[in-house]
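Here is a short report for a reader new to this structure. Please look through the model first, then read on.

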Amino acid sequence: MKTVVGSLRDHRNIVAKLDPRTKIALTITISTILISSGSSQSILRVCLTLFSLALLLSIHKISLFIKCAVTFLVLIGIQYWVIPYAEGMIKFILLAFVGIFMNMFPGFIVGYYTLFSTKVSEFIAAMEKMKLPRNIIIPISVIFRFFPTIAEEYRNINYAMKMRGINFSNHFFKMIEYRMIPLIISVVQIGNDLSFTAMTRGIDSPFKRTNVCVVKFKLLDILLIIIMVILWIIYFKEKLFND
Amino acid sequence: MIKFDNVTFNYASSEEPAIQNVSLQIKQGELVVFCGKSGSGKSTVAKLINGLIPKVQHGDISGHVYLYGRNISEIEMYQLSQMVGSVFQNPKTQFYNVDTTSELAFNLENQGIDKTVIIEKIKKVMNQFKIEHLLDRNIFELSGGEKQIIACATVLITNPDVVVLDEPSSNLDMYSIKKLKEMICYLKERGKTVVLIEHRLDYIMDEADSVYYMEDGSLHAHYPIGSFKSLDRDELERMGIRYGQEERLQHEPQFGDHVMEMHNFTYMYDKFNKEKQLDVNEIAIPKGEVVAIIGDNGSGKSTFAKCLCGLLKDFKGHVTYDEKRLKQKQLLKQSYMVFQDVNTQLFTESLEQELQLLNVQVTETQVDDMLESMNLLDKKHEHPLSLSGGEKQRMAIATAILSGKEIIIFDEPTSGLDLYHMKKVAKMINDIHDKGKQIFIITHDKSLILEICTYVLHFGDGRLINQFALNHQGIDQLNHYFDV
Amino acid sequence: MNKLLVKDLITVGIFTAIYLVVFFVTFMIGYIPFLIPFLGFICPIVCGIPFILYVMKTDKFGMVTLTGTILGIAFTVMGSGLIMIPFGIIFGLIGDFIMKSGGYKEWKSIAWGYAIFSFWMMGFVVRMFIARDQYFKEVGQSYGQDYVNVLESITPLWTLPVMFILTVLGGLVGAWLGKKMFSKHFKKAGLV
């Protein structure tokens, strides 16, 4: 398995390898447009939702794709077959529940795709290209670094709680304490050690950092950006027209 | 060349000095080993060499540390990071990045080195040690051993003149220890100065030049390698070092007739990936023994353990124990696992409360008795997470005992422990066994296995490769696996 | 702000990550439409636990501001609108100033600093009140007129200052809770 000259292996597919700036733009676009406009049955909405699900496939998260798709179908089901028969407050609650979910969920999916398919170094490279200050770049890269750690520690705590027989039925309010406190202590201690490690690897070097990752716009990025610009124009036009 | 001139240091949070009046000189190109019991000050020495003390970890220091004739306090941390490479003990906290390639490039990126140069260096090192398969991987999906290999590779790519390794072999399986040894030999061949802090010395004894023994913060002795090797076994044992321990079987196992069976132990974490992390149809083992579970990282050992504890929800297999058929829910009630990381197993604000947080009623007398036997009675009202690592581990074991459950599993209970503490833990586990419990221990620690185990399950690639009793033929099979 | 060392920036990252996760989980659980107005009360309470520890560990200006800024960026990206960024920056700054005035040690300034900091969450609902008609028109398009009627009826203009007060109260309670957890657990575990 010889590496390609001048670059190291990277086996993500073309969609997963979009420029991180494009991915962030996608997340903002899809979530903002979905959350605040359009009617539930619009083609735009359906397309955006399907697109977000397709992104899950591009990162090979098949079981997640299926779970999300089923969730959507269930919600659409409620929307068409339950809500019309409801009245007053219940109808309000159901509409809110389904509506908010359908609006926010695709945004979350695209966000998940962005986090999952992008290396932290790529984010850093993108942020450096966007000329963000170091005071923002370092904390944000640490946040990305810590999400999987928090998830891992949380899972371990859950296992330990199961072993002790702690669950909601016998320790309701304390559950928050039992979950959060060890989580915070563990994560903070890991963070302390991580600072040490980073220092021994020269993180406080005053030199200008280079980056092994290349971040630049390719054809697919430009295509998507053009589509997004069109979407935004439509979005604003709708808002202005309806005034 | 590294020189310590009468150095004394105590951490900001404590009044006891971590090291006292330490003076030593390490020559260029030497491979020195620091050993001694936990708390003897070895890690402090390491941090003084790579500059973490006193620049990042604060405290009171007197005396001087010199690197190539320069006082370390006059060198900036980022400059030190180019001169001294560090590999730490905890794979969880060694990585600033999430993917391996970025981590390998990290130090050189910080130095502002050109991208193509960095890539060339990475390729060269990964090729040299045949670890290209570790490129471009998610660090969270690597095993502990693979993580350490990446940490060492990072140092090699940076190419500093001094390398400090703090207990790099804890948590490592055989494959990883081999790679670790290769890399250390490589460093030595290139004339680098290597400072190695270790409890387990067998894998590196042929390469070391001298050994420093520390006790209670002071440098007790300095042995050139010849003298060290001729120390007798009792002396080594007193020093807490795992080296040259005779691999004696402590007792011949005698099994009763009862058998514990495991059926349909298969599990997939991802239903659509079709890859089974665990694929074992039937196992039958003698009941009531202390069973060691061995295998390389990723062989399915911890999946097996989690299935046995009933922790995995969609596990469909079952266990036959005491003529009872136990499926996932019953297994959860009958089993208890003591995990490797103690920090995520302690929940309350006092030791007393901790021992009462179980799904059985525990009386105050029982709590007191247990704390007494663990030597923790005087800390009854202290916070569990304020204890030392070893004390926390004893608490975790205490909860296992008080839970009253039948099947108890330990995940790497002795990784990173010196000989003395390993034996203490072994005795605790044995005491639990004497009460009639079924014990499983996932471990890489051969001495522990020889100390108390009577049966071995060997996993590989999700399957059970071998199972044997730990009698004389069994020892041969064990040695075969552990042969570095 | 230029005096922040890498060590401090890493601390900002860690605690902002924890805050984000705790906030998100609380937000999702209190997702039942009934509770949404009360989220402004509940979230600051729960998030107080990690936040007070954060403040105890830091004594430099700028860290809380950075946290607010990053939270604003994070939620803008998640679709809550561009307004989250100024809300995050402004209330991060104000909270930071308040805490600084007590040297990051005096309890009163920490509690009030956190309470005001928590106003960043108002960015989620402010559009319902400031650009009210346009907001309801948009909502009507996606949820239908019935929905808008009910929504409008349960959120008359005076609920905005009520939400503000609830947020402040939640912040103060959260600060108290954070302090309690700090002395009960974090301090003893040697985290500071």
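How many helices and strands are there in chain A? Chain A has eight helices and zero strands. Both kinds of element are DSSP runs numbered from the N terminus, with helices (H or I) of at least four residues and strands (E) of at least two.

This is a predicted model, in which local features need pLDDT of at least 70, side-chain atom pairs count only at pLDDT 80 or more, and totals for chains, interfaces and linings use all residues. Residues are numbered from 1 along each chain as its sequence is written, while chains are lettered from A and ligands numbered from 1 in the order in which they are written.

**Chain A**

From the N terminus on, the elements of chain A read α-α-α-α-α-α-α-α. The C-alpha trace spans about 65 × 55 × 40 Å along its principal axes. Chain A has 243 residues, and 38% of them are buried. A residue is buried if 20 or more other C-beta atoms lie within 10 Å of its own, exposed if 12 or fewer, and partly exposed in between; C-beta atoms are placed from the backbone. Of the contacts in chain A with a separation of 6 or more, 72% join residues 24 or more positions apart. Two residues are in contact if their C-beta atoms, placed from the backbone, lie within 7 Å.

**Where the chains meet**

The contact between the chains takes 51 residues from chain A and 58 residues from chain B. On the side of chain A, the elements that give two or more residues are H3 (62–81), H5 (120–129), H6 (134–164) and H7 (174–200). H7(A) provides the largest share, 14 residues. By class, this side of chain A has 22 nonpolar, 16 polar and 13 charged residues. Here Ala, Val, Leu, Ile, Met, Phe, Trp, Tyr, Cys and Pro count as nonpolar, Asp, Glu, Lys and Arg as charged, and the others, Gly among them, as polar.

**A helix pair in chain B**

Two packed helices are described by the angle between their axes and the distance between the axes. H6(B) (residues 144–158) and H7(B) (residues 174–189) pack at about 10°, with axes 9 Å apart. The two helices are therefore roughly parallel to each other, a term for angles under 35 degrees. Residues of H6(B) in this contact include Ile149(B), Cys152(B) and Leu156(B). Among those they meet in H7(B) are Leu180(B) and Met183(B). The contact has six nonpolar, three polar and two charged residues.

**A sheet in chain B**

Six strands of chain B form an open sheet in the order S6-S7-S8-S3-S9-S10, with mixed pairing. S6(B) (84–87) and S10(B) (218–224) stand at the edges with a single partner strand each, so one side of each is left without a neighbour in the sheet. S3(B) (residues 31–35) and S8(B) (residues 193–197) pair in the parallel sense over four bridges. Strands pair if DSSP finds at least two bridges between them. Leu31(B) stands opposite Val194(B) in S8(B).

Most residues other than glycine have a negative phi, and most peptide bonds are trans.

| Residue | Phi | Other C-beta atoms within 10 Å |
|---|---|---|
| Asn264(B) | about 55° | 14 C-beta atoms |
| Asp461(B) | near 55° | 13 C-beta atoms |

Asn264(B) is found in S11(B) (residues 259–267). Asp461(B) lies in the loop between S19(B) (455–460) and S20(B) (463–469). The peptide bond from Ile53(B) to Pro54(B) is cis, with omega near -5°. Pro54(B) is in H2(B) (residues 52–55).

How values were computed: Axes fitted to C-alpha atoms, helices over the stretch in contact; angles between N-to-C directions. Parallel < 35°, antiparallel > 145°, perpendicular 65-115°, else oblique.
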